[in-house]
Amino acid sequence: MSSKSSSLNAPGPVSSRAGVAMLVLGLCASALSIFQWSQLLTLRAGGATVCGVSETVNCETVWNSPFATRVHELFGLPIAGLGLVWGLVVVGLSGLYLARARAGRPVAQVSQALKLTALAGVVSVPVFAVVSFQAGAVCPTCLATYALVAAIAGVAWKGLPSLSGEWGSALTLAGGTAVAAFLAVLLPGRTLSTPPPKAGALLPPVAAASSELSTPASLEAYLRGLPADQQQFLANALAMYRNDTPKPAAAPARRRYGPADAPVKIVEWTDSKCPHCKSLVEELSVLKKRVPEGKLSLEARQFPLDGACNPAMQRRGPDAPSVRCVAAKAQICLEGATDYWELREKLFAAQAMLDTERVMEIASSGSVPRGQLDACMASSETAAKLQEDTSYALRYHFTGTPLVVVNGRMAMPSAPFLYALVMADGNPSAPAFDVLPPPRAMPQDDHAGHNH
């Protein structure tokens, strides 16, 4: 018996090759997870990712799903971080397997631990695949991860020696290695996962109550105090704004914040599931409190990124009914409510967990009862208002939501830029702007928001 066990535990050429293959595949899986994590950080910082190809092929949609958000909250790491933990376990156990095999030591325990680790990866694949399907998007980097998991499982279960026993100690080894990898990733992971600066971080800290704050000197001081990269960004945004031709309003305002004769009139179009739209809504909430009263008016209009209710979009969402369409109609039906702006901000604040029922819960949590809201959303009048919003938006050649128009011109959805325009009374040629550096060319896709 001991002779048989010894022969099973003895290293051989096949075992070593399988161990090397596991090590290489584990390194590839870890590298892919690090790349996914870096792309998530880019997205959270407001940038565009390489796999945000379209509405259908889009990792960002999956990363912003309620499931991904809950996992991040539960473990303190995004799913990409947990993928990195799994990859590091494969790497660590593969290294231990090779070290024992080359030293002539028994490899049964490590071999079984690798198989258990591979099995855990296989079990996770259908879970994440279902999440991706429910989000209505294909995640290219996720598909690459699934392929690596399948390859690792194949090598583990067919390439590594088939050994009996050792499952209890193998589970302990695999679990202990996973805990060590998790703790090793958790501390830097929490640092990397630090949320972006709060809304309004680049705006003056207190509300502008004095008319002196609207003078060129005050605006100049604000612009000089911005970081160099923000100054350059504002210079670029200002050049694009100046070059745009103002268009008259295509429809009267249905709900307006601020006076109709405000020197700066902002009209913005958003989609309830668009992360950049959420950021804009948060920034505008702060902006309204930081500018002198009467200088700003704001209209909020809808541009849901779903062909189910927006003829401009070819793709129909996977939901029936669509979350995006339900949220757009709910906001239209709340336009007459006294708590409209508060409910709208509450809706975007819950974006990560948003589904049709959550939309209705939030929309009916204020002054408009559920029955009245249901009737309004089903009416032809609401459908006509949504059509008005989408047709109005299409007068501008924008690349995605959010779309922001100031005094008839397209504008960057940037709180510092909008604040500067307000403090200049809407004059893009105000002398205070002379402190900004010369503008640089910006990609056309950056003129408006991002199509998320």
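## Briefing: helices, sheet, disulfides and salt bridges

Helix α10 (residues 228–243) has 16 residues and spans 23 Å between its first and last C-alpha, close to the 22 Å expected at 1.5 Å a residue; the expected span is 1.5 Å times one less than the number of residues. This is a predicted model, in which local features need pLDDT of at least 70, side-chain atom pairs count only at pLDDT 80 or more, and totals for chains, interfaces and linings use all residues. Residues are numbered from 1 along each chain as its sequence is written, and side-chain values use heavy atoms, with hydrogens and water left out. Helices (H or I, at least four residues) and strands (E, at least two) are DSSP runs numbered from the N terminus.

**Helix α10**

- Buried residues of α10 include Q230, Q231, Q232, L234, A235, N236, A237, L238, M240 and Y241. Buried means under 20% relative accessible area, exposed over 50%, and partly exposed in between (1.4 Å probe, protein chains only).
- An α-helix has 3.6 residues a turn, so residues three or four places apart point the same way.

**The sheet and its helices**

- Four strands form an open sheet in the order β2-β1-β3-β4, with mixed pairing. Two strands pair if DSSP finds at least two bridges between them.
- The edges are β2 (296–302) and β4 (409–411), each with a single partner strand, so one side of each has no neighbour in the sheet.
- On average, neighbouring strands of this sheet are turned by 30° against each other, direction ignored. Axes are lines fitted to C-alpha atoms, for helices over the stretch in contact, and angles run from 0 to 180 degrees between N-to-C directions.
- Strand β1 (residues 264–270) pairs with β2 in the parallel sense over 7 bridges. The bridge partner of V264 in β2 is L296.
- Helix α13 (residues 340–349) packs on the sheet and touches β1 and β2, its direction making about 55° with that of β2. Contact means heavy atoms within 4.5 Å.
- Helix α11 (residues 275–290) lies across β1, β2 and β3 (403–406), and runs at about 155° to β1.

**Cysteines**

- The whole structure holds 3 disulfides, a disulfide being a pair of cysteine sulfur atoms within 2.5 Å.
- C139 and C142 are joined by a disulfide with an S to S distance of 2.3 Å. The torsion about their S-S bond is about 70°, so this disulfide is right-handed. Both C139 and C142 are buried.
- C309 and C325 are joined at an S to S distance of 2.1 Å. Their S-S torsion is about -90°, so the disulfide is left-handed. C309 lies in the loop between β2 and α12 (323–333) and C325 in helix α12, so the pair ties together parts 16 residues apart in sequence. C309 is buried at 17% relative accessibility, and C325 is buried at 6%.
- C333 and C376 form a disulfide with an S to S distance of 2.1 Å. The torsion about the S-S bond is about -95°, so this disulfide is left-handed. The pair links distant parts of the chain, with C333 in helix α12 and C376 in helix α15 (residues 370–377), 43 residues apart. C333 is buried, with a relative accessible area of 13%, whereas C376 is partly exposed at 26%.
- C277 is buried, with a relative accessible area of 0%, and C28 is partly exposed at 37% relative accessibility.

**Salt bridges**

- A search of the whole structure finds 15 salt bridges, each being a side-chain nitrogen of Lys or Arg within 4 Å of a carboxyl oxygen of Asp or Glu.
- R324 forms a salt bridge with D271, with the closest N and O atoms 2.3 Å apart. This pair links distant parts of the chain: R324 is in helix α12 and D271 in the loop between β1 and α11, 53 residues apart. R324 is buried at 12% relative accessibility, and D271 is buried at 1%.
- E299 and R301 form a salt bridge, with the closest N and O atoms 3.2 Å apart. E299 is buried, with a relative accessible area of 10%, and R301 is buried at 2%.
- The side chains of R301 and E388 also meet in a salt bridge, at 3.2 Å from N to O. R301 lies in strand β2 and E388 in helix α16 (residues 380–393), so the pair ties together parts 87 residues apart in sequence. E388 is partly exposed, with a relative accessible area of 28%.
- A network of salt bridges links R254, E299, R301, E335, E388 and D389.
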